[in-house]
Amino acid sequence: MFETRTDIVIRGALNGMATRHRAFTDAVANAETPGFVPKTVEFEEQLRTVRDAMLADPLNASAASQPPLPLTLKESAQTEGRADGNKLSIDQQVVEMEINKLSYQALTQAARMRDEILHSVITESPR
C-alpha cells in the first residue's frame with residue numbers, strides 16, 4: 001500500500017487522540033472513586049520527532065520504517081483534589097475531552113477530504 005509521510009503523521013495523531021479519549025472516559029467513569037488520579041496522554045512531541053526524522057531522511061520515510069508511537073499514560077498534573085484523595089476535576093476533564101473529540105473529528109475530515117482529492121486525481125481521465 002502506498003503511504004506518505006502525511007499518512008504516517010495522521011495515523012500517529014489519530015492513535016494518540018483515540019488513546020487520550022480513552023483516558024478521559026476512564027477519568028469520567030471514576031469521578032466518584034476515592035483516591036483516583038486521572039491520566040494524560042502526551043504524544044505530540046513524539047509525533048514531531050517522527051515527522052522531523054522523516055523530513056531529515058526522506059528515503060527512509062516508509063510506513064514500514066516507522067514503528068507505532070509509544071503511547072504512555074501519565075498521571076495528570078491536576079493537583080487539587082477532594083478530601084477522599086480523588087484528584088479529578090470533572091469539569092476540566094469534560095472540556096478537555098470535547099476539545100480532543102473536536103480535534104479528532106477535524107483531522108478525520110481533513111484526511112477524508114485529502115483522500116477524496118487523491119482519488120479524483122487518480123481516477124479522472126485527462127482532459
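Mentor: Start with a pair of helices: α1 and α2 are roughly antiparallel to each other. Keep in mind that this is a predicted model.

Trainee: Roughly what angle do the axes of α1 and α2 cross at?

Mentor: The general idea is to compare the N-to-C directions of the two axes; an angle over 145 degrees counts as roughly antiparallel. Here the axes of helix α1 (residues 5-29) and helix α2 (residues 44-56) cross at roughly 170 degrees and come within 10 Å.

Trainee: Which residues make the contact between α1 and α2?

Mentor: From α1 come Arg5, Ile8, Val9, Gly12, Ala13 and Arg20, and from α2 come Glu44, Leu47, Arg51, Met54 and Leu55. Sorted by class, the contact has 6 nonpolar, 1 polar and 4 charged residues.

Trainee: How many Å should α2 span, and how far apart are its end C-alpha atoms?

Mentor: Count 1.5 Å a residue. The 13 residues of α2 should then span 18 Å, and its end C-alpha atoms are 18 Å apart, which agrees.

Trainee: Which residues of α2 are buried?

Mentor: A residue is called buried when its relative accessible area is under 20%. In α2, Leu47, Val50 and Met54 are buried. These three cover an arc of only 60 degrees around the axis, so they lie on the same side of α2.

Trainee: What do the buried residues of α2 pack against, and which exposed residues does the face turned away from the buried side carry?

Mentor: The buried residues pack against α1. The face turned away from them carries the exposed residues Glu45, Leu55 and Ala56.

Trainee: Now a single residue. Is Asn100 buried or exposed?

Mentor: Compare its value with the cut-off. Asn100 has a relative accessible area of 6%, so Asn100 is buried. Asn100 is found in helix α3 (residues 90-123).

Trainee: Which residues is Asn100 in contact with, leaving aside its neighbours within four places in sequence?

Mentor: Met17, Arg20, His21 and Phe24.

Trainee: In what order do the elements of the protein run?

Mentor: Read from the N terminus on, the order is α-β-α-β-α. That makes 3 helices and 2 strands.

Trainee: What share of the protein do buried residues make up?

Mentor: They make up 27% of the 127 residues. Contacts can also be sorted by how far apart the partners are in sequence. Among contacts between residues at least 6 apart in sequence, 79% join residues at least 24 apart.

Methods: Residues numbered from 1 in each chain as written. Predicted model: local features only at pLDDT ≥ 70, side-chain atom pairs only at ≥ 80, totals over all residues. Heavy atoms only, no water. Helix = DSSP H or I, 4+ residues; strand = E, 2+ residues; numbered from the N terminus. Buried < 20%, exposed > 50% of the residue type's maximum accessible area, 1.4 Å probe, protein only. Contact = heavy atoms within 4.5 Å. Axes fitted to C-alpha atoms, helices over the stretch in contact; angles between N-to-C directions. Parallel < 35°, antiparallel > 145°, perpendicular 65-115°, else oblique. Nonpolar A, V, L, I, M, F, W, Y, C, P; charged D, E, K, R; others polar. Expected span 1.5 Å × (residues − 1). Arc of directions from axis to C-beta.
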